[in-house]
Amino acid sequence: MRLKHRVMNGILFQIGYPRVRRIIAKQKSVSDIPTALTSTSNSPTRFEIPLEAIKLMKEREDIEMKQTFPMRRMMSIMKNINLTIDSIPDNPVSPFNGTNGDFIDSLKEFAYSQGVDIIHFTKLPRDLIFREFGVLYDNAIVLAMEMSQEKIDQAPSQATFKMVFDTYDGLGIAGNRIAAFLREHGYAAQADHPLGGTALYPPLAQRAGIGYVGKNGLLITPKFGSRIRLAAVYTSIQNLPDSKENNHTWIGEYCKVCGLCIKQCPPQAILEETVMHDTGIKTDIIQQDCFEYFIQNYGCSVCIKACPFSKGIDAYERLKGVVEERLSS
Ligand code: SF4
Ligand code: SF4
């Protein structure tokens with residue numbers, strides 16, 4: 001093992017591991033709040049990427065990361081994950097639970113001013129809360145932030161890796177600011193960070209009508225394809241303007257004939273046939289195969305690059321035309 005690798009492993013294991021464990025324990029502590037909504041027996045288990053990566057690096061000499069971690073970004077990300085929980089006591093004692101269109105407009109405007117690209121609303125089903133985690137409210141504000149097309153096109157690379165962390169951090173900061181904005185206006189809120197959220201974001205964002213979950217397991221949106229990161233803010237506002245329908249279900253039809261992500265996934269970790277679990281959760285990815293490649297190769301992102309929807313809104317309209325023609329013939 002190279003010296004640099006050994007030093008990196010030592011730092012990650014001695015400092016990173018306990019720090020990440022503390023953050024996870026803090027996130028889980030929300031489920032102890034008597035009024036919190038908790039997971040169900042159908043809920044997924046959160047895959048703890050940082051802990052699993054550190055463990056794998058320690059156990060396997062052949063595992064070696066090529067990437068350099070953007071340390072300042074990582075510190076900011078950890079600070080902002082902590083803040084999602086540390087700011088909960090700032091909620092008003094008797095928060096408002098109803099709002100009007102004017103406030104929703106100002107909320108959206110504020111979110112856009114913080115760099116958020118998409119904001120939609122939905123109810124969070126308890127089945128989407130990760131096991132052992134909890135949230136304060138099921139009224140979900142779902143947020144998406146674009147990832148740079150130029151940098152995604154360079155995947156897997158250090159430039160892509162850095163941009164992904166920049167986006168995680170930017171969206172995490174925006175989520176905490178949106179929670180603070182809600183509190184200033186008399187509502188209670190709990191921000192949920194894009195990295196290590198307490199709920200499964202892609203199906204939540206699909207429920208919110210932002211897009212549709214593709215074969216690559218990621219949400220595909222009209223404007224950015226899979227080039228997004230997702231986050232949420234849960235709030236006491238019960239009458240959020242829920243998206244009642246999803247206009248992007250046809251994307252599933254396109255995935256059936258496309259398969260580009262399956263072909264281009266370097267470790268061939270995307271399954272041809274979806275596995276459906278008793279809980280209703282679908283599996284399209286062999287997690288361990290993806291993970292081992294992902295942690296050694298700049299967080300990969302090849303399945304985002306490969307997806308034709310990631311090329312922008314023109315692609316969305318063009319591919320919709322292809323599916324409509326196919327279904328009508
Ligand atoms: S991130 Fe990479 S390894 Fe994982 S499924 Fe996507 S293309 Fe495959
Ligand atoms: S690459 Fe093709 S199959 Fe994969 S998610 Fe995108 S559209 Fe679907």
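Select V142 to begin: leaving aside residues up to four places away in sequence, V142 touches H120, F121, T122, L204, A205, A208, I210, L230 and A232. Touching here means being in contact, that is, having C-beta atoms, placed from the backbone, within 7 Å of each other.

Before moving on, a word about the model: it is predicted, so local features need pLDDT of at least 70 and side-chain atom pairs count only at pLDDT 80 or more, while totals for chains, interfaces and linings use all residues. Residues are numbered from 1 along each chain as its sequence is written, and chains are lettered from A and ligands numbered from 1 in the order in which they are written.

**Around V142: the core**

V142 is one of the residues with the most contacts inside the largest nonpolar core, along with L143, L204 and A232. That core has 83 residues. Such a core is a set of buried Ala, Val, Leu, Ile, Met, Phe, Trp, Tyr and Cys residues joined through C-beta atoms within 7 Å. Buried means that 20 or more other C-beta atoms lie within 10 Å of a residue's own; exposed means 12 or fewer, partly exposed is in between, and the C-beta atoms are placed from the backbone.

Next, select residues 158-184. This is helix α6, which gives the core its largest share, 10 residues. (Helices are DSSP runs of H or I with at least four residues, strands are runs of E with at least two, and both are numbered from the N terminus.) Now step back to P156, in the loop between α5 (149-152) and α6. The peptide bond from A155 to P156 is cis, with omega near -5 degrees.

**Zoom out**

Show the whole protein chain as a cartoon and you have 12 helices and 10 strands. The radius of gyration of the chain is 20 Å, close to the 20 Å that the globule rule gives for 329 residues, so the chain is as compact as a globular protein of that length. (That radius is taken over C-alpha atoms, and the rule is 2.2 Å times the number of residues to the power 0.38.) Along the principal axes, the C-alpha atoms fill a box of roughly 60 × 55 × 40 Å. Of the 329 residues, 41% count as buried. Among contacts with a separation of 6 or more, 78% are between residues 24 or more positions apart.

**Ligand 1**

Which residues sit around ligand 1? Select C265, P266, P267, A269, I270, I285, C290, Y293, F294, C300, V302 and C303. A residue is counted here if its C-beta atom, placed from the backbone, lies within 6 Å of the ligand. Two elements each give two or more residues to this shell: α10 (287-296) and α11 (302-306). The largest share, three residues, comes from α10. By class, the shell has 12 nonpolar, no polar and no charged residues. (Nonpolar covers Ala, Val, Leu, Ile, Met, Phe, Trp, Tyr, Cys and Pro; charged covers Asp, Glu, Lys and Arg; the others, Gly among them, are polar.)

Stay with α10, where F294, I295 and Q296 are buried. What covers the buried residues of this helix includes α2 (49-59). Just after α10, Y298 takes a positive phi of about 60 degrees.

Go on to S301, in the loop between α10 and α11. S301 has a positive phi of about 70 degrees although it is not a glycine, and it is buried, with 26 other C-beta atoms within 10 Å. Then try Q268, in the loop between α9 and β9. Q268 is not a glycine either, and its phi is positive, about 55 degrees. With 14 C-beta neighbours inside 10 Å, Q268 counts as partly exposed.

**The hairpin**

Select residues 270-276 and 282-285, which are strands β9 and β10: they run antiparallel and are joined by three bridges. (Strands pair if DSSP finds at least two bridges between them.) V275 stands opposite T283 in β10. The hairpin has five residues between its strands, and G280 takes a positive phi near 95 degrees.

**Last stop: ligand 2**

How many residues surround ligand 2? There are 13, and the closest are G214, C255, C258, C261 and C307. Helices α8 (250-258) and α9 (260-264) each give two or more residues to the shell, and the largest share, three residues, comes from α8. By class, the shell around ligand 2 has nine nonpolar, three polar and one charged residues.

Notes
Two residues are in contact if their C-beta atoms, placed from the backbone, lie within 7 Å.
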